[in-house]
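Reader: I have a new structure to get to know. Could you walk me through it?

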Amino acid sequence: MYEQKIKAALDAADAVRSEDAKPLRILLVDADARFRESLASKLRDKGHSVTCFTNCYDAWTRARSAIFDLTLIDIELPAMTGLELARRIKNRQKQAMIVATSPNATSKSVLANSLCQANGIAHLLGKSEGPLNLFSNLCEIISPPSAVAGPDVPAVTEAMAATSSN
């Protein structure tokens, strides 16, 4: 059931995805193996390159030596939090597009969204909103032609920040 909902959401995104869209290099950090592997598999099926980690320390080590088009981080990881990892990535790569996930907060959580924005995170997607909503929202974020075209990442990041504050 979980897999079917994920597949349906990602297939729906194909309808709006640009034909000449470039695959994204995605850093995915989540301790939940089922969630992480399911999302990574579906993103790879869509042609994206996904590098996965279960913790922020290992992800930070990799992020220091590679550039990713999109970083997906569970903000509630232990030890180094997703917020700390986001802050470090933003300090290293100002144009980084970072999307947070959370098992407890939703995209409508004012406090959680404020914390995310203060740490350089453009969007918060709540796992509690269900896999279909989470993956549909993620597809909307990564599907616009300007978001996957590559060179104009700063403009995309600014536009995403403007829409998330409305």
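Reader: How much of the chain is made up of buried residues?

Author: First, a caution: this is a predicted model, where local features need pLDDT of at least 70, side-chain atom pairs count only at pLDDT 80 or more, and totals for chains, interfaces and linings use all residues. Residues are numbered from 1 along each chain as its sequence is written, and side-chain values use heavy atoms, leaving out hydrogens and water. Buried means under 20% relative accessible area, exposed over 50%, and partly exposed in between (1.4 Å probe, protein chains only). Of the 166 residues in the chain, the buried share is 48%.

Reader: And how many disulfides turn up in the whole structure?

Author: Cysteine 116 is buried at a relative accessible area of 1%, and cysteine 139 is buried too, at 4%. A disulfide needs a pair of cysteine sulfur atoms within 2.5 Å. Searching the whole structure for disulfides gives zero.

Reader: How are α2 and α6 oriented to each other?

Author: The axes of α2 (residues 33–45) and α6 (residues 131–142) cross at roughly 40 degrees and come within 13 Å. Axes are lines fitted to C-alpha atoms, for helices over the stretch in contact, with angles from 0 to 180 degrees between N-to-C directions. Angles under 35 degrees count as roughly parallel, over 145 as roughly antiparallel, 65 to 115 as roughly perpendicular, and the rest as oblique. So α2 and α6 are oblique.

Reader: Which residues of α2 and α6 make the contact?

Author: Contact means heavy atoms within 4.5 Å. From α2 come Phe35, Leu39 and Leu43, and from α6 come Leu134, Phe135, Leu138 and Ile142.

Key. Helix = DSSP H or I, 4+ residues; strand = E, 2+ residues; numbered from the N terminus.
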